[in-house]
Amino acid sequence: MKKEFKLDFRGRTITVETGDKAKQANGSALIRYGDTVVLSASVMSNNVSTADFFPLTVLYQEKLYSVGKIPGGFIKREGKPTDEATLNARLIDRPIRPMFADGFRNEVQVVNMVLSVDPDNSPEMAAMLGASLSLGISDIPFDGPIAGVRVGKIGKEYIINPTVEETEKSELLLTLAGTKTDICMIEAGAKEVSEAVMLKAIEFGQAAIKELCEFEEKIIKEVGKEKITVDLACIDPELTTIVKEYSKEAMDKAIRTPGTKEEKFEMIENVKTSAIGHFGEIYAENENLADILKNVRILVDELEAELVRDLIVLEGIRPDGRKLDEIRPLSAEIDTLPRTHGSAMFTRGQTQALSTTTLGAIGEHQILDGLGIEDMKRFMLHYNFPNFSVGETGRYGAPGRREIGHGALGERALLQVIPSEEEFPYTIRVVSEILESNGSSSQASICAGCLSLMAAGVPIKAPVAGIAMGLITKGKKHAILTDIQGLEDHMGDMDFKVAGSKNGITALQMDIKIKGITQSILKEALAQAHKARLQILDLMTSIIPEPRKELSPYAPKIAMMDIKPERIKDVIGRGGEMITKIILESSNVKTVNDKDAVKVDIDDDGHVVVYHSNQEIIDKTIEMISNVVKEVEIGQVYTGKVTKVETFGCFVELWPLCEGLVHVSELDNKRVEKPSDIVKVGDTIIVKATGFDNRGRLNLSRKEALPKSEKKEKTIEKK
């Protein structure tokens, strides 16, 4: 039976409909937020997975009909998720995943279908509400609810779920998710705001999240199903005790012994191998030997995590011997690759990123075929994580969710300092290749990417660095770690990434494995991250203190000019004929797709940008465009060259790409039988501009341009 619930949420209405749509799912909810409509449905398998992880899948399905678009390409239907859809799916996955019990192994799918989009009412936040509600009212064991909001700031005012216009004016855009009391997930981009401003925004957003969670609780109480009981993966307590007792001393020694990532891995792996061998002999005759040995491995993994946590929280010692706020050794270099437009290498401990910057014409921007208002972007950061960076083999293919997510975080951090198109009319692509990884390669990508931008001569507003913070909790005690490595990330409760300049934060991301963290822990983590960020920035500015003033000789140079918008059609020509001619002749190439062809971008307002690595070709292109748009003054006399002679007259070129017709009747004061009697191709003659015909073609007259004395003689002779 259909039920409808309404909430007046910060001046806008949220409507939730349940009971009449997607009824075969375990739980479903239709969310209306203004004209935005999202259907969320959750389904759980009745079978317990044999995997040793929770098989949760969250989908965010963009339907282009929701914004009145037909998909591009030949197939004309939605296919592979866009990067934005992938990021939104991750945005929802991260806060709901910790809300399932440890040992939960039934497969769960949460599908969010975006059916209608009003850009001023976020479909992402509607989907997060729908995902939580569909799980909350279902019989799936889910310890929610959670909710999410976006926070903007204009002047001194903080805004919940800002509109498109408000977002453009906002100095930060914070996406926040949490429960009634704690924060689960943070994703933010900001124009160098202080830690205090960011904390205030988080506090402001948390109050709105509490309001949404209470709304969900009301709905769940009225229409929610009784939760079913599922079998949680658990291990025999007796086996747990003897395995951990057997391995504890050896594991503690392996964790405390200093060494590289590879050395530590080998020492810890030897402890696990020893335990499996020992208990393999003890249970050799048991018919469930394979399951027992699998559980032994899991138990030794748990022991490793417990000992790491005890070492850090109770003794203040990290596995590699560092202090809690100590960064691993840093190094950096620029101009690693001689032929790229900009390149840099950044190394922090055993994490190493090689980044390159490539500059291109504005016309080489990325086209976006999604639900957002923007249909292109001129700054991109792409992140690649090859298997060899962690000493492993594996499949190579299209970027996965991890690569897309890390790339988006780096892009957001550096976007805040990228110059505007007016200041620097280039498309900019940064690519980060992770050569080695042992913790927070995404932040190394930000550091290396920033260095490569500066080396390429991109006039960024300020250098930006990133650092990853960790959290280890034990009871009421906790420890915050600066520059977490792989072991601490895997065993810890929080991955908190902060990027920014000396002036403030430009990007923030937080993921947790527990159900939430408090404002006080966030404040402590931000303060510790600020100190680390300044330390990294000192190293970076010692390598290159500011962006280079000159571009690489291999980068395209630019020249700009403005033409009247009504003359754009003349520069383009019929079917692109004129612009093609300009490109081919100025570049001396055979096709416009030739790598050596000059690139010309023309905006609708008549702003023209010309790109090429050769300044002479740029100058020639500008000259040819100028000749096309150069205005002919009616009544003015010009000297031109005859380019073609026909029976009805001759064509005269006043300057390159500007040609007019002298009709046979306008060639002389006396009657002319054949134009060839007066002129031939290549002759230089004087002509007067007399106007344009109804097709816009220039008319010229030699007769009108003749000297007065010659005209008089011709008149007397005629009489």
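**Exercise 1.** At roughly what angle do the axes of α2 and helix α4 (residues 195–223) cross, and within what distance do they come?

*Solution.* The model is predicted: local features need pLDDT of at least 70, side-chain atom pairs count only at pLDDT 80 or more, and totals for chains, interfaces and linings use all residues. Residues are numbered from 1 along each chain as its sequence is written, and side-chain values use heavy atoms, with hydrogens and water left out.

Step 1. The two axes come within 10 Å and cross at roughly 30°. Axes are lines fitted to C-alpha atoms, for helices over the stretch in contact; angles run from 0 to 180 degrees between N-to-C directions. Helices (H or I, at least four residues) and strands (E, at least two) are DSSP runs, numbered from the N terminus.

Step 2. Classify the angle. α2 and α4 are therefore roughly parallel (under 35 degrees; over 145 is roughly antiparallel, 65 to 115 roughly perpendicular, the rest oblique).

Step 3. List the contact (heavy atoms within 4.5 Å). α2 gives L129, S132, L133 and G136; α4 gives E216, I219 and I220.

Step 4. Sort by class: 4 nonpolar, 2 polar and 1 charged residues. Ala, Val, Leu, Ile, Met, Phe, Trp, Tyr, Cys and Pro count as nonpolar, Asp, Glu, Lys and Arg as charged, and the others, Gly among them, as polar.

**Exercise 2.** Describe how α1 packs on α2.

*Solution.* Step 1. The angle is about 40°, with the axes 10 Å apart. The pair is therefore oblique.

Step 2. From α1 come N88, L91, I92, P95 and I96; from α2 come E124, M125, A127, M128, A131 and L135. By class, this contact has 9 nonpolar, 1 polar and 1 charged residues.

**Exercise 3.** Give the strand order of the sheet, then place the helices on the strands.

*Solution.* Step 1. The open sheet has 6 strands in the order β1-β2-β3-β4-β6-β5, with mixed pairing. Two strands pair if DSSP finds at least two bridges between them.

Step 2. Find the edges: β1 (3–9) and β5 (56–62) each pair on one side only.

Step 3. Take β1 with β2 (residues 12–18): 7 bridges, antiparallel. Here F9 stands opposite R12.

Step 4. α1 (residues 83–96) lies across β5 and β6 (106–116), at about 140° to β5. α2 (residues 123–136) lies across β2, β3, β4, β5 and β6, at about 35° to β4.

**Exercise 4.** Is K272 buried or exposed?

*Solution.* Step 1. K272 is found in helix α6 (residues 261–282).

Step 2. Its relative accessibility is 7%, so K272 counts as buried (under 20% relative accessible area; exposed is over 50%, partly exposed in between; 1.4 Å probe, protein chains only).

Step 3. Leaving aside neighbours within four places in sequence, K272 contacts M251, R297, V300, D301 and E304.
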